[in-house]
Amino acid sequence: MPNDYKNRSHTPRMWTPLQNVVFPLDRDPDVLPLYADPETWTTIDGQHVKVSNHAHIDNVLSRTSVRVNGGRRVSFASYFNAFPASYWQHWTNVKRVRLELSTSGSGTLLVYRSNSQGAQQRVESRHVSGGMKSTFELPLKFFGDGGWYWFELEADDEGLVLEHGAWLTDAKQKHRGKASLGTTTLNKPDYCVNTLDALAQSPEVLELIDRIFIVDQGDRKVTDQDGFDFVSDKLGEQLEIINQPNLGGSGGFSRSMSEVLKRDQSDFLIILDDDVKIEPESILRTVAFARHSKRPTIVGGHMFDLLNRPVLHAYAEIVDEKPFIWRPQHRELFPHDFRNTNLRQTRWMHSRMDADYNGWWFCLIPKTVIQEIGLSLPAFIKWDDSEYSLRAREHGFPTVSLPGAALWHVSWLDKDDSIDWQAYFHARNRIVAALLHSRHPRGGQLLRDSFRLDLKHLLSMQYYAVALRHMALRDVLTGPSHMHKNLPTQLAVLRNTAADFEEMKVLRTDEEIPATSRGKQVFPVTDAGSPSGASLALFTAKHALRHWFTRPTRASVERPDVELAKRDATWFRTPHYDSALISTADGSGKAWYRRDRDTFRLLLRESVALHRDLRARWPRLSQEFQGSLTSLVSVERWRQTFGHGAQEEDIDTTMP
């Protein structure tokens, strides 16, 4: 055997971490179920019920260590500490992983795996005592459709302490560059400083970070926030604050994209929303996954509810192509509360779920993707993240939403952005994205669905939302040139338009809120719900004719017929009334919705005409938007919108 072959065969393998075993930074007992799972569950009436809980926040000793009391057992088949083997097997070059566990005390270590159906299988067990480092080498070859690895600790009488744990690989990284972070903020300086502080307290994360870009588009500046000077001193040159006009999320994130193209040390850009609480370990995991991906891959993180932290809201998001609308891959599964069922009890979570896109609350984008496909669509907000991944997919770059990588974000449950100024962007950007990427003639069912949305809003007396949606459709019909031109000014136009619609005035005081003729209407939780099929057609025709031909009574004009809670003010209940007092989504006030026959007629006629025009002109508009896309998303065009003085040669504008 040649000597050089012998030398190569004895070269020690280098094991690099993919995922550390971690525990809550802030010792919050509410989030402990995301990090550790109790020993004992049972099933009663088809529901998983917790019998005893042997994981307690007082047993968390540090960021990396936890105690298991004598005679107890704790599983780490949890969201943040199990290893999502199927994703690593399918998308990366990792063929095996090593689990390293450093322990003190006496007990048993048990390693398990699952399949795509959630059936668990024991892989290995080992007794330990004293201070020990145990390693388990585990192949990645059984997880084609799904499955995880995890470990459990069972303590002898004296107890067992996990000092440190990690999942590692000896596979060669395909990329070694660092990541830059980009956050766009509008008047949320406190959130931004908290995020910067969490990063400053995570030196292992800072080692992977080239630059942290805070694109500040507000008038309450991050640099003026209490605590900024302290974290700024800690982060030093890694932190860069960029001030620019409010160009929405797409404008702020595009600025980060353009800045990262200048950075030779950055191979990746991680986009973070401003109103979030981060788990710094998630940054390590997404970078590791991207470095090992078989081809450049957009790697996204999941979203938990910032105000109800064990609750998962976003896992694997898709674009349903026939109606061309985003949604969870399995919408009936969300939101998911880990206090009720953890990983071992949640069978669907063991299947690998492939995503079409990942929300830009937390998303890693390789720099090579930005160089090839350009920056964000000038969308302001809504659909910029999904359009970007659809565009990337057409260039051969997939998107992966990676379990175990997540943050906490204010959920959309306390918002209703379909009826405020954001209704414009929902409508326009959905249609623009379909003109660019729909694989169905004339957008499939999109225009029919869009018209039905108009009709639902009209029957619910939500005239402002429909007026903004029509403004959006008219802008689409003008072609793509309006998108950059209107980006800095459109928000003011939309907000000013609200003054023309009485339902947009929020009533907050007793003096403002009128009495109703019927009091508060409360619907039972077991209500049959929305009509469908023939009953839906009959319901729609009946109420559309009533809204078209009849005027509201004088009594309904002078005071509301009824008061409805937000949850009860659905499109199939509100049309029964001529006026209604409805709570705002955040519960801070009420809005008075009043039926107006003339407005109903005007907006319904407009809706029919606009959707007819869009259908007729769809092929030409699609060609026009697709032909302009490269220019719309180019660094050069975005630089004009940013209005900054960077030199052309300072930006890598490599494009196909």
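Analyst: Among contacts (heavy atoms within 4.5 Å) in the protein chain between residues at least 6 apart in sequence, 80% join residues at least 24 apart. Do keep in mind that this is a predicted model, where local features need pLDDT of at least 70, side-chain atom pairs count only at pLDDT 80 or more, and totals for chains, interfaces and linings use all residues. Residues are numbered from 1 along each chain as its sequence is written, and side-chain values use heavy atoms, with hydrogens and water left out.

Now to burial: 58% of the 656 residues of the protein chain count as buried, meaning under 20% relative accessible area with a 1.4 Å probe, protein chains only. In soluble globular proteins, nonpolar side chains tend to be buried together. Here the largest nonpolar core has 102 residues, and F151 and Y315 have the most contacts inside it. Such a core is a set of buried Ala, Val, Leu, Ile, Met, Phe, Trp, Tyr and Cys residues joined through side-chain atoms within 4.5 Å. Strand 9, residues 149-169, gives this core its largest share, 8 residues; strands are DSSP runs of E, at least two residues, numbered from the N terminus.

Zooming in on F151, and leaving aside residues up to four places away in sequence, its partners include V21, F76, L99, L101, L110, V111, L162 and W167. S75 and A77 also touch F151. A second, separate core has 84 residues, among them A434, L446, V562 and W618.

Methods
Buried < 20%, exposed > 50% of the residue type's maximum accessible area, 1.4 Å probe, protein only. Helix = DSSP H or I, 4+ residues; strand = E, 2+ residues; numbered from the N terminus.
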